[in-house]
There are 2 protein chains.
Amino acid sequence: MSLSISSNSIYNELPNISLEEAQKQLINKLSPLPEETVPIIKALGRINSHDIYAEQNLPAYPQAARDGFAVHGTDKNGQNELVIDEWLKDGDMPSSPLNPGHTSYVLTGGPLPADTAAVIPRELVILKHNKVIINIEIKEGNYIRVAGEDFKKGELLAGAGTRLDAGLVSLLAAMGVTELQVYRKPRVAILSLGQHIVASHENPAPGQLRDSNGPLLASFIKNDGGELSAIESSCSNNSSAVRAQINRLLEQSDLLITTGGTYSGESQEAHTLYEKLGARSLFWEVNIQPGGHNGAAALGSKLLISLSGNPAACAVGYQLFAKPVLRGLQKLHPYSRRLKAVSMDSFSKKNSSRRFIRGHAEYTENGWEVSILPGQKPGMLRSLLNCNTLIDLPANSPGIQKGEKVEILLIND
Amino acid sequence: MSLSISSNSIYNELPNISLEEAQKQLINKLSPLPEETVPIIKALGRINSHDIYAEQNLPAYPQAARDGFAVHGTDKNGQNELVIDEWLKDGDMPSSPLNPGHTSYVLTGGPLPADTAAVIPRELVILKHNKVIINIEIKEGNYIRVAGEDFKKGELLAGAGTRLDAGLVSLLAAMGVTELQVYRKPRVAILSLGQHIVASHENPAPGQLRDSNGPLLASFIKNDGGELSAIESSCSNNSSAVRAQINRLLEQSDLLITTGGTYSGESQEAHTLYEKLGARSLFWEVNIQPGGHNGAAALGSKLLISLSGNPAACAVGYQLFAKPVLRGLQKLHPYSRRLKAVSMDSFSKKNSSRRFIRGHAEYTENGWEVSILPGQKPGMLRSLLNCNTLIDLPANSPGIQKGEKVEILLIND
């Protein structure tokens, strides 16, 4: 069993690199996701894969901007009594062009009789039998929405790589777009490598633990626009069986995240597994805490990321390595937003490595403020509750003084 | 057809009230949503309806915090050669308590032999045949996670009304919680009252328009944690048929939003419809632009909100009236976050009413900055693209100067 110690040497084969170098290794390996067609009503939050141009004017034809009376071009100055020819109702088309001295009642968003020069809102006229009396000045075009006033045919509505928000969904519906080409969601599989890990719905035997990293990662993946393709535990302590399991998971995924096996010398040690699969290591050991033992590899167009089984290290590793992959695959800016924030707490632990402290940041009248969450040991879950921020504490920092400005990454941005 | 004019009088029956009074009318009418049980893996983003307490310690038993060697209490000072009794593998339980002068190899997160006083990380010892040589000082409790170190049995994990984030889902999974009581999502039906409105997948005849408000509201509802129960157009210009349709929609919904019919004198005029249904008006006409003609009513425990058919007015009305209802039903703080922001644009339109201008806000090194989006006419869709903010411009304001501080509501917070 001295193998469990000597396997330590594999870490020396790859240099211990910086976070930014490690992230770049991953981003450089991203392959474009295939596209798929979704109905517009399911497109909210998806990323369109092609430029979208207006196929028509909006509005398509001149419309009344208010409920009121259509006025002929020759009547707009002077004439103050117009005969009402027609009361257009919702859905009606005008039966004839407008004649001088005549008017029709028109509805907001509805069509106008030909030769309408302006609309007068109904509350600005006096009704007298079948006539309207107008005492105000009328300007050509008043209360008329001209065709193409909002959007012109041929105009770019959304460039490729735009995340569809409510406004864009609404606009595309108005334009008659019924379906849309979007990037397929990144598919991510999660595999727990620990033999002592049982699914959270199972009752752990003595020495076993319930899986909390799977549900954590599944939640992160959903928040970041990914689709969970599988969530499994390693099927066996036989490493060739686990390799077969990984190959099966990769077939249905763009990214596989394994948890655990980043440090121990067991048969499921992640790095050895990845190597035996023929995956090319991108990095292994990054100079950060927690999560320094995380690593990544590429196998064809598929990526594998190995995260620590310690909950906080797993969470930090996801945010720093897996999330940029998910965002990059969707053609979004890969990295979390960085801001300066005032720390509301002190943190006394000295550390030679760069450290990512879990925090809760809020914008206040005084700018961004960040609280350091309790339970910062890598094996604890507590600092993940209410966590929306990582504080990026440089290597060899003496810690944080309360009131000090720190650099934060917003993870729910 | 002079009815279309005289119906104007109904607006005079209710006073024109302030936005805050109108919002309060709605919030005061909220009935609690029923609860439902969801599996923990589907609970992300849901709101728990009961306080949740820890049913066990976490960790449940003492664990090694690192891969390394267990040390007996009597060996922690002086003794520097320990005989290795056992190499625990992933998932193994120690076969016996630890004896003085002996050690066992233990794994991070794994169990410890009884009488273990500390763990020494494997990289800090020298291995010699079946012994480890220890040259460093050992403190009692080093590298041991004591039971309950992270969470203690009986501790409050999440109060009722907490939105489940990734960390809480993960913690509950670790605790063996497999399902959870949450508030049922608010069910919202959308009904377009315009006879000239066709669904966006249909081809509009001359005089008709595609529905863009339905997809807009459906997207907002999804973003705000609601569930769309129906999206329909009024079935008929026969008002009793439309009332039957509304009754049917209310049966399957907590909230019905109608669009259109807020100003015209047609048979589908929203206020008349609501009154004939026996709904009690909460307000009608609010002193804001756009969307001043919006209104609301209550029918039993169900709420009805009438929004303008103009896209921008519909969007503003949703954000100011419907969103607080959706949030309040979920026991969240009902109102959007208000902040001060520097306007990057000027806005010259004077207005006697309080005005909500669509904007895009971003946090920069200089604080919050807001751009005024183009296309601010109420009938236009353009200002809804990329809109994440409403600028709240007071009544009788002379407009906005570029660089001026304005009050904004963050609508995607």
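Me: What should I know about the numbering and the model?
Reply: Residues are numbered from 1 along each chain as its sequence is written, and chains are lettered from A in the order in which they are written. The model is predicted, so local features need pLDDT of at least 70, side-chain atom pairs count only at pLDDT 80 or more, totals for chains, interfaces and linings use all residues, and side-chain values use heavy atoms, without hydrogens and water.

Me: How many salt bridges between the chains?
Reply: Four. A salt bridge here is a side-chain nitrogen of Lys or Arg within 4 Å of a carboxyl oxygen of Asp or Glu. One pairs Arg382(A) with Glu155(B), the closest N and O atoms being 2.5 Å apart.

Me: Switching topic: how is chain A laid on chain B?
Reply: By a turn of 180° and a shift of 0.0 Å along the axis, with an RMSD of 0.0 Å. The two copies are thus related as by a two-fold rotation axis. Superposition is by least squares on C-alpha atoms of residues with pLDDT of at least 70 in both copies.

Me: Which residue of chain A comes closest to the rotation axis?
Reply: Gly367(A), at 3.5 Å (C-alpha).
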